[in-house]
Amino acid sequence: MKKKLLAVLFSFCLAALQLTGCGNNVEDASGISQAEQTTESTTTTSDTTQETTTITESAVEASGSLATSETSETTTSETTTTTTTTSETTTTTTQQTTTTTKAPAQTTTAPKQTSKPAVTTKPSTASKPAPVTTKTPAASSSNVKFYQDRVYVTGDSVALGFKVYNYIPAAHNLAIGSLSMNNYTWFGTVNGMRVIDAIAAAQPKLLYVSMGINDVNLTNAQTYAANYAGFVKKVRAKVPGCIIVAANITPVASWSNFTSISNIRNCNTAMNNAVKALNDPNIILFDAYSVVSAGGVYMVSSYSGGDGIHLAGHVYQYILNRLAVVLDQYGVKERLS
C-alpha cells in the first residue's frame, strides 16, 4: 500500500517539473511555436493598420493626385503577399470609400438643377405684352337726350316709328308711311306739304333720313343710290346749314319673305358710295343696319315689330343711343349749341 502511494506522489512531482520548465517551447499542431505565432499576428495587424490608413488617404485624394493613387496600389500589392484574406478586405474597403466619395458630387449637383427654373421664370414675366393704349369708340353717350330733343326725322314707315313710340316730339316728325326714294316727289304729305317742302318749312338743324325699305323691291341698287343722293342735295338746297344724318336701310328678319337680305345690302353699299361722293362735311353716314342686326346679317328676332320688317318700340332707343355716340365723334353737340 505504501509503495502505491509513493509511486503516485513521484508521478505528480515529475509532471509539475515538466510544466514549470518547458512552457515557452510548446508547439501547436502546425509545428510553429506560440511565440512565433504571436509575432506574426502582431506583424500582420501592423501591416493591415498601415494599409487601411494609406488607402483611406488615397480615396480622399484620388481626384487631386495621380501619385497618391499609385502609392495605394503598391501598398495593396504588398498586403496581398502577406495574406490573401487581407487583400480581399482591402479591395472591399477601397470600393466602399470610392462610393462614399461620389455621393457628395451628386448632392452638390442637385442645387444647380433646382436653380434653373427660377432663371426661366423671370423672362416670362418680362415678356407680358404692354397695355394697349389705342382708344376704342365710346359704348354710350351722355348726350342722348340732347340730340333726341333736337333731331327731326324724315322717311318711310320705319322712320315713322320714332313718332309712333314717342321717341321724338310729334312736331319733329317729317316721315310718311310707304314713302320711298322713288316716289317722294309726288307721294303723300306732311302737314299738307310734300316731304321736301315740309323739311324746308321746318328748317331743322339736325335731320335724320331713313328711307329705302320700299325701294328694294321697286328698283336696283344703283338707281336707289342715285335717288338718295338727289334727295340729300335737295334738302341741302332748302336748308343750307342743316346737319344731315344719312341712315341706311335696316335689315329684315331671316324668316321674312318680304325681300332678300342681299337686295338690302347691295342698296346700302351703293348708297354709301354715292353719299360719300357728294363730299359734304355736313352729311354723316349712319349704319342703322348694324344696330338692328346687332352686328350680324339679319334683324334680331326680338327686334321685330311682328312682321320681320318693322321695328319693335324698344329698338328705337338702341338707335338713338348709337346715334348719339356717332354724333359725339363729329362734335355735333358743339356745333348745335
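Analyst: Let's begin with a polar contact: a pair of N or O atoms within 3.5 Å, where, within protein, one must be able to donate a hydrogen and the other to accept it, and residues adjacent in sequence count only if both atoms are side-chain atoms. Here, the side chains of R236 and D280 are joined by such a contact, at 2.8 Å. The model is predicted, so local features need pLDDT of at least 70 and side-chain atom pairs pLDDT 80 or more, while totals for chains, interfaces and linings use all residues. Residues are numbered from 1 along each chain as its sequence is written, and side-chain values use heavy atoms, with hydrogens and water left out.

User: Where is R236 placed, and is it buried or exposed?

Analyst: Buried means under 20% relative accessible area, exposed over 50%, and partly exposed in between (1.4 Å probe, protein chains only). R236 counts as buried because its relative accessibility is 16%, and its place is in helix α8. Contact means heavy atoms within 4.5 Å. Leaving aside residues up to four places away in sequence, R236 touches G241, C242, I244, D280, N282 and I283.

User: How many helices and strands does the chain have?

Analyst: Helices (H or I, at least four residues) and strands (E, at least two) are DSSP runs, numbered from the N terminus. The chain has twelve helices and five strands. Of its 337 residues, 36% are buried. Among contacts between residues at least 6 apart in sequence, 65% join residues at least 24 apart.

User: What span should α8 have, and what is the distance between its end C-alpha atoms?

Analyst: The expected span of a helix is 1.5 Å times one less than its number of residues. Helix α8 (residues 221–238) has 18 residues and should span 26 Å; its end C-alpha atoms are 26 Å apart, which agrees. In α9, the 16 residues should span 22 Å, and the end C-alpha atoms are 23 Å apart, which agrees.

User: Which residues of α8 are buried?

Analyst: An α-helix has 3.6 residues a turn, so residues three or four places apart point the same way. In α8 the buried residues are A221, Y224, A225, Y228, A229, F231, V232, V235 and R236. They lie on the same side of α8 because they cover an arc of only 155 degrees around the axis, the arc being that of the directions from the helix axis to the C-beta atoms. On the other side of α8, Q222, K233 and A237 are exposed. The cover over the buried residues of α8 includes β1 (152–155), α7 (195–202), β3 (206–210), β4 (243–247), α9 (261–276) and β5 (283–286). At the start of α8, N220 brings a side-chain oxygen to within 3.2 Å of the backbone nitrogen of Q222.

User: At what angle do α7 and α8 cross?

Analyst: Axes are lines fitted to C-alpha atoms, for helices over the stretch in contact, and angles run from 0 to 180 degrees between N-to-C directions. The axes of α7 and α8 cross at roughly 35 degrees and come within 9 Å. On the α7 side, V195, I196, D197, I199 and A200 meet F231, K234, V235 and K238 of α8. I199, in helix α7, is buried, with a relative accessible area of 0%. Not counting residues up to four places away in sequence, I199 touches T154, L174, P204, L207, F231, V235 and V239.

User: What packs against the buried residues of α9?

Analyst: Those residues are I261, I264, C267, N268, A270, M271, A274 and V275. They pack against α8, β4, β5 and α10 (288–293).

User: What is the phi of N191, and what is that of N279?

Analyst: Most residues other than glycine have a negative phi. N191 has a positive phi of about 60 degrees although it is not a glycine, and N279 has a positive value near 55 degrees. N191 sits in the loop between β2 (173–175) and α7, and N279 lies in the loop between α9 and β5. N191 is exposed, with a relative accessible area of 64%, and N279 counts as exposed at 68% relative accessibility.
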